[in-house]
Amino acid sequence: MYNKGEIIDYIWQYSRYHGNMLGYCENIIEDENGQAALIYLLNITEIMLKSKINDYDSDFSSVIRKIKDSGYITNTEYKFLNNKFNGVRRIRNLLAHANLCKYNILFDEDALLYPLSENETCIILYNKISDILFNIIFKVWLEQEINLDAEIKNIKIRVKEISPEQLLSYKGVDYREISTWNDLDESTKFRIADNASDVRVLSHILKNLLKEYI
């Protein structure tokens, strides 16, 4: 597997425009803007795969399938890109079309939920998948002999959807105490839940502040 700097140099010699696009991804993540870097990387991946087969009209899923059928990627690489539950395409679709407050990422065997709406989650996600995506682009574009199956199998990423009631409960808030809760639409419920402070954290802080007065 090649490092991202090498890939940018190789792609740049073939196409300065696309090489610069990949370089911008790394510049953005260095500034710790995870959401922008992740969205930009996924967009570039789609554009460059479409350009390889000269098909800009098909959706991302169809393009990935055509890339596989052309023999550019393995079945494992295909699933990494096109798995509708946890693959790159799913994450790309969520970032583009979904209410992100609903969705969390679980990494490896970690039981912790990482909200997709948070920049720190996107930084972790970018760092986990960007090496693979850069190498897939390099492999497809310049038809390199790179097998990424082992690296992909080491990446454990799951997407978990939660309800606004669950989100509030994680913050120590009982939604039943909000009298108009059932009258609200789902988007409003998620906005309120996402904006809510963590009651348990605030309670802990206040207890420690009041110790000296008790």
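Reader: Let's start with C101. Buried or exposed?

Author: C101 counts as buried, at 15% relative accessibility. The cut-offs: buried means under 20% relative accessible area, exposed means over 50%, and partly exposed is in between (1.4 Å probe, protein chains only).

Reader: Before I go on, what kind of model is this, and what's counted?

Author: This is a predicted model, where local features need pLDDT of at least 70 and side-chain atom pairs count only at pLDDT 80 or more, while totals for chains, interfaces and linings use all residues. Residues are numbered from 1 along each chain as its sequence is written, and side-chain values use heavy atoms, with hydrogens and water left out.

Reader: OK, switching to charges. How many salt bridges are there?

Author: The whole-structure search finds 9 salt bridges. The term means a side-chain nitrogen of Lys or Arg within 4 Å of a carboxyl oxygen of Asp or Glu.

Reader: What does K4 pair with?

Author: K4 pairs with E26, at 3.3 Å from N to O. The two come from distant parts of the chain, 22 residues apart: K4 sits in helix 1 (residues 4-14) and E26 in helix 2 (residues 16-30). Helices here are DSSP runs (H or I, at least four residues), numbered from the N terminus.

Reader: Where do those two stand on burial, buried or exposed?

Author: K4 is buried at 13%, and E26 is buried too, at 17%.

Reader: What about E143, which partner does it have?

Author: E143 meets K52 in a salt bridge of 3.0 Å, N to O. E143 is in the loop between helix 7 (119-141) and helix 8 (149-153) and K52 is in helix 3 (residues 34-53), so the pair ties together parts 91 residues apart in sequence. E143 is exposed at 51%, whereas K52 is partly exposed at 24%.

Reader: Last one: what's D174 up to?

Author: D174 forms a salt bridge with R176, 3.0 Å from N to O. D174 is partly exposed at 25%, and R176 is exposed at 64%.
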